[in-house]
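These are my notes on one protein chain.

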Amino acid sequence: MSKIFGLATFFIYFLGTIVGFLGFERSIWFHKAFINGSQLSSLQNHLHLETASLSENHCAYRCLENQVCISFIDHESSGTCQLFGLGVDIRSKTSSGTITAYTKQVTCEDFGYVSLNSTKKCLKHHHVPLSWMDANNTCVSEGGNLFSITSLDMMEEVLNITFDKDSSFMLIHVDGNDLWREGNWSYHDGSSVSFSPLFWRPTEPNGGMNENCLGLLNGTLCDINCWLSAKFVCERYFFI
Ligand SMILES: [Ca+2]
């Protein structure tokens, strides 16, 4: 009796799943992108789940009900459905590829972040001032890091969307410190910061051993005391 009951439950669950994904319209929830082999490799680095697939709609349904999934590829030839924790940036020219990928969210704003034109980074502004260390930890806990300035375009753009809109962001913590060796500035991943003088405020950096963290003050970089409380901007990648 319990076996029959078990089979019936499984059948109802299976039928419910089939009806569920047959009845939903994929294009409402997903944007289609044609990616190339190298973009596929980037996505594979963020593979969240691989499962058997009955159809493209079935795969889409699996992605939709999965909170981590941002994009998916249904491999018809192998009957597998791959869910990825990263999306495809449809602003870039993705039509050159031949692999069909579907992406759930397509802008930084979909994640509550702000877009930049000069980079695929998404930015988030934090209004509660913290020390550089605590600011950095906050960004890490959100799956990112303090905003890394690697080009003048990027620096200019962040000023346009930050300081120009809210003058209380005149000084913000950004990625970079010389904590481990005085005068040797490095990013969060340990790579060296090689700013041209154009990045630095005139006469900065000038704090020696007392100022080992990087701040963006009114449009130029300066070394600041790591314990100083300031607002900050985090960055995160959501797209390949
Ligand atoms: Ca220093």
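I started with Ile-172 and looked for its bridge partner in S12, which is Lys-231. The model is a predicted one, so I treat each entry as a reading of a prediction.

Next I looked up the strands behind that pair. Strand S9 covers residues 171-177, and two bridges join S9 to S12. S9 and S12 run parallel.

Which other strands does S12 pair with? I found strand S7, residues 121-130, which pairs with S12 in the antiparallel sense. S12 itself spans residues 230-237, and seven bridges link S7 and S12. I picked one of the residues, Leu-123, and its bridge partner in S12 is Glu-235.

I then turned to strand S8, which consists of residues 145-146. S8 and S12 pair in the antiparallel sense over two bridges. For Leu-146, I noted Cys-234 as the bridge partner in S12.

I moved on to another group of strands. Five strands form an open sheet, and I wrote down their order as S1-S5-S3-S4-S2. The pairing in this sheet is antiparallel. Which strands lie at the edges? They are strand S1 (31-35) and strand S2 (47-52), and each of these pairs on one side only. I also looked up the angle: neighbouring strands of this sheet are turned by 25° against each other on average, with direction ignored.

Inside this sheet I checked S2 against S4. Five bridges join S2 to S4, and the two run antiparallel. Leu-49 stands opposite Leu-83 in S4.

Ser-96 is found in the loop between strand S4 (80-84) and strand S5 (99-103). Is Ser-96 buried or exposed? Ser-96 has 10 C-beta neighbours inside 10 Å, and the limit for exposed is 12 or fewer, so Ser-96 counts as exposed. I also compared Ser-96 with Asn-36, which is 60 residues apart from Ser-96 along the chain. The C-alpha atoms of Ser-96 and Asn-36 are separated by 6.8 Å.

Last, I took down the totals for the chain. The protein chain has six helices and twelve strands. Of its 240 residues, 30% count as buried. Among contacts with a separation of 6 or more, 64% are between residues 24 or more positions apart.

Terms used. Residues are numbered from 1 along each chain as its sequence is written. This is a predicted model: local features need pLDDT of at least 70, side-chain atom pairs count only at pLDDT 80 or more; totals for chains, interfaces and linings use all residues. Helices (H or I, at least four residues) and strands (E, at least two) are DSSP runs, numbered from the N terminus. A residue is buried if 20 or more other C-beta atoms lie within 10 Å of its own, exposed if 12 or fewer, and partly exposed in between; C-beta atoms are placed from the backbone. Two residues are in contact if their C-beta atoms, placed from the backbone, lie within 7 Å. Two strands pair if DSSP finds at least two bridges between them. Axes are lines fitted to C-alpha atoms, for helices over the stretch in contact, and angles run from 0 to 180 degrees between N-to-C directions.
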